[in-house]
Amino acid sequence: MASASATLLKSSPIIDKSEWIKGQNLRHPSVCFVRSHPTSAAFTVRASSYADELVKTAKTVASPGRGILAMDESNATCGKRLASIGLENTEANRQAYRTLLVSAPGLGDYISGAILFEETLYQSTIDGKKMVDVLVEQKIVPGIKVDKGLVPLPGSNNESWCQGLDGLSSRTAAYYQQGARFAKWRTVVSIPNGPSALAVKEAAWGLARYAAISQDSGLVPIVEPEILLDGDHGIDRTFEVAQKVWAEVFFYLAENNVMFEGILLKPSMVTPGAECKDKATPQQVADYTLKLLHRRIPPAVPGIMFLSGGQSEVEATLNLNAMNQSPNPWHVSFSYARALQNTCLKTWGGRPENVKAAQDTLLVRAKANSLAQLGKYTGEGESEEAKKGMFVKGYVY
C-alpha cells in the first residue's frame with residue numbers, strides 16, 4: 001500500500017495555484033517522500049516553489065542598517081491622520097501624502113521595505129508613476145497588508161480576532177502579480193483583558209494559516225501578534241504574556257509547515273503597560289526583549305522588525321539602539337509607522353511648499369533608526385516633537 005501510494009505521488013505531482021498565475025512560468029514544486037517505518041503510509045513534505053525567492057526577499061528586507069516603513073494604514077485611519085492636520089480624507093490627499101513618503105530622495109539608504117495598503121499598491125503618484133515602481137527604483141521591497149481588521153471574538157473576555165483568511169489565497173496571488181513581495185497580518189493580544197487562552201490560540205492559528213498561504217503565493221509573511229501597550233501592568237507581566245504568545249505562534253507555524261527562513265517577525269518590545277507608574281529604561285527594555293527573543297525565536301528567522309506601538313519617535317529609536325549593542329542571531333530592526341511619520345506629517349501640513357521639509361524630516365527619522373539598527377544612535381539633536389509619546393488607549397488601526 002505504501003509503495004503504491006509513493007508511486008502514485010511520484011507520477012502525479014500536485015500543481016499549486018501559483019504555477020497558473022498569468023505571466024508566470026510553470027513551476028514544479030519539489031516533492032520528497034518520507035517513510036518513518038516500513039508499515040506506515042507514505043506522506044509528502046512539499047517545499048514552496050518560491051522557497052529560494054522567499055529566502056532572498058527576507059534577507060533583502062533584513063539587510064544591515066535598514067528597516068521597514070509601515071505606511072499601510074487603512075483609508076479610515078489615514079483619514080484620521082489627515083484630519084489631524086486639517087485635511088479632508090480624499091483619495092487625492094491620500095495620494096499626495098503617500099507620494100511624499102515613497103519619493104523622499106535617498107529613502108532606500110535606510111528603508112528596505114514598505115508596507116502598503118491595497119489602494120496604494122495599485123495607486124500612482126501625483127506625477128503618474130506607479131507607487132510600486134518608485135519604491136523599486138529606491139531599492140525598497142513593496143509589501144502589502146492583507147488582513148481585514150479586528151472584530152470581537154465570541155466566547156472571550158471582550159477580546160478580538162483578526163479576519164481575512166477567506167479568499168486570501170487568490171488575493172495574495174494577485175498582490176504578487178502587482179509587485180508585492182512580502183505581506184503583513186496584524187492581530188492583537190490585550191493584557192488587561194486576560195489574555196484568554198482562546199484569544200492567544202486564535203491569534204496564533206490565524207497568523208500561521210496566513211503565513212502558509214502567503215508563502216505559497218511567493219510573499220514573505222510578516223508575523224505580527226501585537227501585545228498592546230494598554231494597561232497599568234509592569235514589565236514582568238508583559239514578559240510573561242509575550243512568552244506564552246510566541247510559544248503558541250511558533251507551535252502553529254510549525255504545524256502549518258511554514259518555512260522559518262522565509263518569514264519576518266514584527267513583535268512588540270517588552271515594555272511596561274502605558275499606564276504603569278514604573279517606567280523602564282532603554283537598557284531594561286533591551287534586556288527583557290532580548291531574553292524573550294532568545295527563549296522563543298529560532299535563529300533560522302532572518303529578521304525581527306519591531307513595531308513602535310505608540311512609543312514616541314525617540315523612545316522607539318533609543319530602545320532599538322539598546323538592543324543592538326551586541327551581536328544578535330537575527331537582524332534586529334524596525335517596522336515603524338507613527339514613529340517614522342509623525343513629525344513628517346505635521347511638517348507637511350498638506351502644503352505643497354512643505355513637501356521637501358517633510359521629506360527631510362522623514363529622512364532624519366529613517367537615518368536615526370538606521371543608526372539604531374547598527375547600534376550607533378546617540379539621540380543628540382532630537383526635536384521636542386520627536387520626544388512626544390503617541391500612545392492612544394484602545395487604538396484601532
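This is a predicted model: local features need pLDDT of at least 70, side-chain atom pairs count only at pLDDT 80 or more; totals for chains, interfaces and linings use all residues.
Residues are numbered from 1 along each chain as its sequence is written, and side-chain values use heavy atoms, with hydrogens and water left out.

Helix H2 spans residues 51–61, and its buried residues (under 20% relative accessible area, 1.4 Å probe, protein chains only) are Ala 51, Leu 54, Thr 57, Ala 58 and Val 61. Viewed down the axis of H2, these buried residues fall within an arc of 125°, so they line one face of the helix. The face of H2 turned away from that buried side carries Asp 52, Lys 56 and Lys 59, which are exposed (over 50% on that scale).

Two packed helices are described by the angle between their axes and the distance between the axes. The axes of H3 (residues 75–83) and H4 (residues 91–102) come within 11 Å and cross at roughly 80°; the two helices are therefore roughly perpendicular to each other (a class that covers 65 to 115 degrees). In contact terms (heavy atoms within 4.5 Å), Asn 75, Cys 78 and Leu 82 of H3 meet Asn 93, Arg 94 and Arg 98 of H4. By class, this contact has two nonpolar, two polar and two charged residues.

Leaving aside residues up to four places away in sequence, Thr 361 touches Thr 343, Cys 344 and Thr 347.

Definitions and conventions
Axes are lines fitted to C-alpha atoms, for helices over the stretch in contact, and angles run from 0 to 180 degrees between N-to-C directions. Helices (H or I, at least four residues) and strands (E, at least two) are DSSP runs, numbered from the N terminus. Angles under 35 degrees count as roughly parallel, over 145 as roughly antiparallel, 65 to 115 as roughly perpendicular and the rest as oblique. Ala, Val, Leu, Ile, Met, Phe, Trp, Tyr, Cys and Pro count as nonpolar, Asp, Glu, Lys and Arg as charged, and the others, Gly among them, as polar. The arc is that of the directions from the helix axis to the C-beta atoms.
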